[in-house]
Amino acid sequence: MFFSRAEGDFGPFLVFCSNFGTSWLEFDTHHRRTIRGKPKRWRNFGIRAEVNFVNPDEAKKLVTDEGYAVLDVRDKTQYERAHIKSCYHVPLFIENQDNDFGTIIKRTVHNNFSGLFFGLPFTKLNDKFVDSVQSQLSPQSKLLIVCQEGLRSTAAATKLEAAGFKNVACVTSGLQSVKPGTFDSEGSTELQDAGKAGLITIQGKISAVLGTVLICAYLFITFFPDQAEKLLQLAPSS
C-alpha cells in the first residue's frame with residue numbers, strides 16, 4: 001500500500017492505495033476548503049487452513065521426510081496397548097470419574113455393555129485438550145494426528161486448526177488401517193489391534209474353535225457315515 005499526492009481543482013489532496021482498493025482522505029487545501037472523498041468499505045480477509053487427510057503410507061512419509069510430529073489423541077487404555085514411538089499423547093477424551101447421580105447411572109450402564117463387550121472406558125471430553133497441546137507444541141508445528149478409527153483425530157484437528165495450528169494432517173480410518181511395520185511402535189499388541197478389548201476378543205477365539213469343530217464333524221459324517229451312525233446310537237437318548 002502507499003500514499004500518493006494529486007492535484008485537483010481546489011489544490012493538492014492525498015490518495016491512499018492498497019491491494020484492497022483506493023480510499024480518499026480529507027486534505028485541507030491552500031484555499032482553506034476541505035475535500036471529502038467517499039471511502040470504500042474495508043473487508044476482512046482470513047486464510048483458513050484445511051486438514052490434510054492421508055493414508056498410512058503417506059502418513060509415514062510426512063513423519064520421515066517432512067518432519068511431522070505424531071500426536072496421539074486416543075484414551076489412555078488404547079495408547080498403552082500400542083502407540084507410535086516418540087509420539088505426543090494428549091487424549092481428546094479422558095476417563096469420567098464424576099460422582100453425581102446422573103454420571104453414576106450412565107457409567108454403570110456403559111460398563112455393563114460397551115465396557116464389558118468392547119473394553120471401552122467411560123469418558124468425557126477433555127476440556128484442557130487445546131491448552132495441553134499448546135504447552136508442548138507451537139502453532140507452527142507440523143502435526144500428524146492419530147486415533148484408532150479416525151473420528152477423534154478429525155475432531156481434534158478441527159479444534160487445533162481453530163486454535164491456530166495450520167499444518168495438520170490425519171490418518172484416514174485411523175490406526176486400525178495401519179499395516180504392521182509401517183511405524184515403529186511400542187506396547188503389548190499391534191497398532192491396528194489396540195482398539196480390541198473386552199469379551200469381543202474372546203468371542204472371536206470361541207467362534208474360531210466352534211467353526212473348526214463343526215467343519216471336522218461335517219467331514220467325519222461325510223466320509224465315515226457308518227462310524228458316525230454308530231456314535232449317534234451310543235449317545236444317551238432323552
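Colleague: Does E161 count as buried or exposed, and at what relative accessibility?

Modeller: At 5% relative accessibility, E161 counts as buried. Buried means under 20% relative accessible area, exposed over 50%, and partly exposed in between, with a 1.4 Å probe and protein chains only. Mind that this is a predicted model: local features need pLDDT of at least 70, side-chain atom pairs count only at pLDDT 80 or more, and totals for chains, interfaces and linings use all residues. Residues are numbered from 1 along each chain as its sequence is written, and side-chain values use heavy atoms, with hydrogens and water left out.

Colleague: Which residue forms a salt bridge with E161?

Modeller: The general idea: side chains of opposite charge can pair when their charged atoms come close. The cut-off is a Lys or Arg side-chain nitrogen within 4 Å of an Asp or Glu carboxyl oxygen. Here E161 pairs with K166, with the closest N and O atoms 3.9 Å apart. K166 is partly exposed, at 38%.

Colleague: Which residues are linked in a network of salt bridges?

Modeller: D75, E149 and R152. R152 meets E149 at 3.2 Å, N to O, and D75 at 3.5 Å. R152 sits in helix α6 (residues 151–162) and D75 in the loop between β7 and α2, 77 residues apart. Helices (H or I, at least four residues) and strands (E, at least two) are DSSP runs numbered from the N terminus.

Colleague: And α1: which of its residues are buried?

Modeller: P56, A59 and L62. Their directions from the helix axis to the C-beta atoms fall within an arc of 115°, so they line one face of α1. The face turned away carries exposed D57, K61 and D65.
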